[in-house]
Amino acid sequence: MKKIAIDLGGTNIRCAVLNEQYEIECLEKERTVHTGSLEDNIKQIVKLIQNCSCIKDEKTTIGIGVPGVVNEEGILKYISNIPELEGINLTCVLKQKIKVPVTVVNDANAAAIAEAKIGAGRNFKSVYYITVSTGIGGGFVLNGDIVKGASGYAGEAGSILIRKENKDSFGSKLFPGSIECYASGNAITRRGSSVTGKSLKDAGEVFKAAKNGELWGIALVDQMAYDLAMMCADISYIVNPQIFVFGGGCMTIDNPFFDKM
């Protein structure tokens with residue numbers, strides 16, 4: 001049985017074909033469309049799926065990770081980085097267009113389960129996964145099961161308040177003062193653009209400036225490291241995981257904030 005795994009992010013959408021050993025056999029990547037049209041987002045997802053030749057196999061299954069909460073009814077909630085999808089049942093929409101089983105889950109929860117079962121957390125009973133990408137998300141796995149909470153919001157690290165703030169959310173729909181508003185890729189990009197007066201493309205430009213010794217870049221990276229460390233400290237006092245596992249678009253091998261954090 002082939003599996004198609006889709007990572008639907010605020011910046012990029014990736015589609016991978018996996019074999020029975022969860023090895024990636026092929027991978028496609030595009031910039032996520034942001035036209036304000038739900039139909040354009042659906043068309044992009046369907047196109048990537050159809051580009052995978054194994055979709056003709058009746059045994060194919062599809063799993064989609066989304067940057068928001070999926071409630072008990074399958075409705076997508078609080079998708080701050082792809083607001084076009086908020087309020088819809090993506091599973092039902094896609095099943096009408098593609099005649100194979102589709103499962104939609106929170107992306108951080110999906111990554112947390114993967115890391116706990118076959119990744120960096122596989123030898124631990126309690127694993128807290130954090131994704132630092134366009135936004136910030138999290139998932140907590142205890143004894144092999146994801147902890148969802150009463151409404152599916154458990155583990156959502158991006159909402160953790162690290163400051164008493166009420167003025168600027170830096171593009172996030174979360175409360176001003178939350179970690180996503182200060183240390184996500186989107187927030188770092190916006191803050192860097194504000195400091196430099198330039199329109200930066202992504203957080204990588206801030207990281208590059210820090211590595212090159214530019215003081216504005218160093219200051220933003222230092223604050224990012226501190227804020228993420230505060231977030232981890234808060235989580236530690238509540239659930240005390242055996243291990244934190246970090247992933248996401250900002251977690252490149254040579255990122256300048258992880259060691260400081």
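## Ground rules

This is a predicted model, in which local features need pLDDT of at least 70 and side-chain atom pairs count only at pLDDT 80 or more, while totals for chains, interfaces and linings use all residues. Residues are numbered from 1 along each chain as its sequence is written, and side-chain values use heavy atoms, with hydrogens and water left out.

## The first strands

Helices (H or I, at least four residues) and strands (E, at least two) are DSSP runs, numbered from the N terminus. Two strands pair if DSSP finds at least two bridges between them. Strand β1 (residues 3-8) runs antiparallel to β2, joined by 6 bridges, and a hairpin links β1 to β2 through 3 residues.

On to β3 (residues 24-31): 7 bridges join this strand to β2, again antiparallel. Their hairpin has 5 residues between the strands, and Y22 in the turn has a positive phi of about 60°. V17 stands opposite C26 in β3. Strand β2 (residues 12-18) is mostly covered, with 6 of its 7 residues buried (under 20% relative accessible area; exposed is over 50%, partly exposed in between, with a 1.4 Å probe and protein chains only).

## Cysteines

How many disulfides does a search of the whole structure find? The count is 0, where a disulfide is a pair of cysteine sulfur atoms within 2.5 Å. C232 is in no disulfide, as the nearest cysteine sulfur, that of C250, is 14 Å away. C232 is buried because its relative accessible area is 10%, whereas C26 has 34% and so counts as partly exposed.

## The largest nonpolar core

A nonpolar core is a set of buried Ala, Val, Leu, Ile, Met, Phe, Trp, Tyr and Cys residues joined through side-chain atoms within 4.5 Å. The largest has 29 residues, and I130, V132, I136, M224, L228, M231 and F257 touch the most other members. At least two residues of this core come from each of β8 (126-132), β9 (136-142), α4 (180-183), α6 (203-211) and α7. The largest share, 8 residues, is supplied by α7.

## The second largest pocket

Helix α7 (residues 215-239) also gives the most to the lining of the second largest pocket, with 4 residues. Among the lining residues are Y128, F140, D234 and I238, and the lining divides into 8 nonpolar, 1 polar and 1 charged.

Definitions and conventions. 1 Å grid on protein atoms, 1.4 Å probe; cavity = no way out; pocket = protein on both sides within 12 Å on 5 of 7 lines; lining within 4 Å. Nonpolar A, V, L, I, M, F, W, Y, C, P; charged D, E, K, R; others polar.
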